[in-house]
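Hi everyone, thanks for coming. Let me put the structure up on the screen, and then I'll walk you through it.

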Amino acid sequence: MSTKTFHRQFKSHTGITFGQWRQLARLLLSLESLAEGTPIVQVALEHGYSSQSAYTVMFKRYFGIPPSAFYRG
């Protein structure tokens, strides 16, 4: 199967692109580190982001709040 076919099939079966799925998976995996109290910059770098600000932008886009506020309550 070609890459293009895979991406087309992935979107038709899931309703989102492979890139969107990968981004969401990285964010969801990062929640465990945040819950453990790992510094945000370390979480960002460990989950493939180039900076804390890049991670924070994507986090806020998906969850509606910044990572610093996620486990407050």
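When I say helix, I mean a DSSP run of H or I with at least four residues, numbered from the N terminus. Before going on, please keep in mind that this is a predicted model, where local features need pLDDT of at least 70, side-chain atom pairs count only at pLDDT 80 or more, and totals for chains, interfaces and linings use all residues. Residues are numbered from 1 along each chain as its sequence is written, and side-chain values use heavy atoms, with hydrogens and water left out.

Glycine 15, which follows α1, also has a positive phi, near 85 degrees.

Now let's look at α2 itself. This helix has 18 residues and reaches 26 Å from its first C-alpha to its last, close to the 26 Å expected at 1.5 Å a residue; the expected span is 1.5 Å times one less than the number of residues. Which residues of α2 are buried? They are Gln23, Leu27, Ser30, Leu31, Ser33 and Leu34. Buried here means under 20% relative accessible area, exposed means over 50%, and partly exposed is in between, using a 1.4 Å probe and protein chains only. Looking down the axis of α2, the buried residues fall within an arc of 165 degrees, so they line one face of the helix. That arc is taken from the directions from the helix axis to the C-beta atoms. On the other side of α2, you'll find Leu29 and Glu32 exposed.

What do the buried residues of α2 pack against? Their partners are α3, α4 and α5 (67-70).

That takes us to the largest nonpolar core, which has 10 residues, among them Leu27, Ile40, Tyr55 and Phe59. Such a core is a set of buried Ala, Val, Leu, Ile, Met, Phe, Trp, Tyr and Cys residues joined through side-chain atoms within 4.5 Å. At least two residues of this core come from each of α2 (18-35), α3 and α4 (52-63). Leaving aside neighbours within four places in sequence, phenylalanine 59 is in contact (heavy atoms within 4.5 Å) with residues including Leu31, Pro66 and Phe70.

One last stop is the loop between α2 and α3, where threonine 38 is found. Threonine 38 counts as buried because its relative accessibility is 17%. Beyond its neighbours within four places in sequence, threonine 38 is in contact with Ser33 and Val43.
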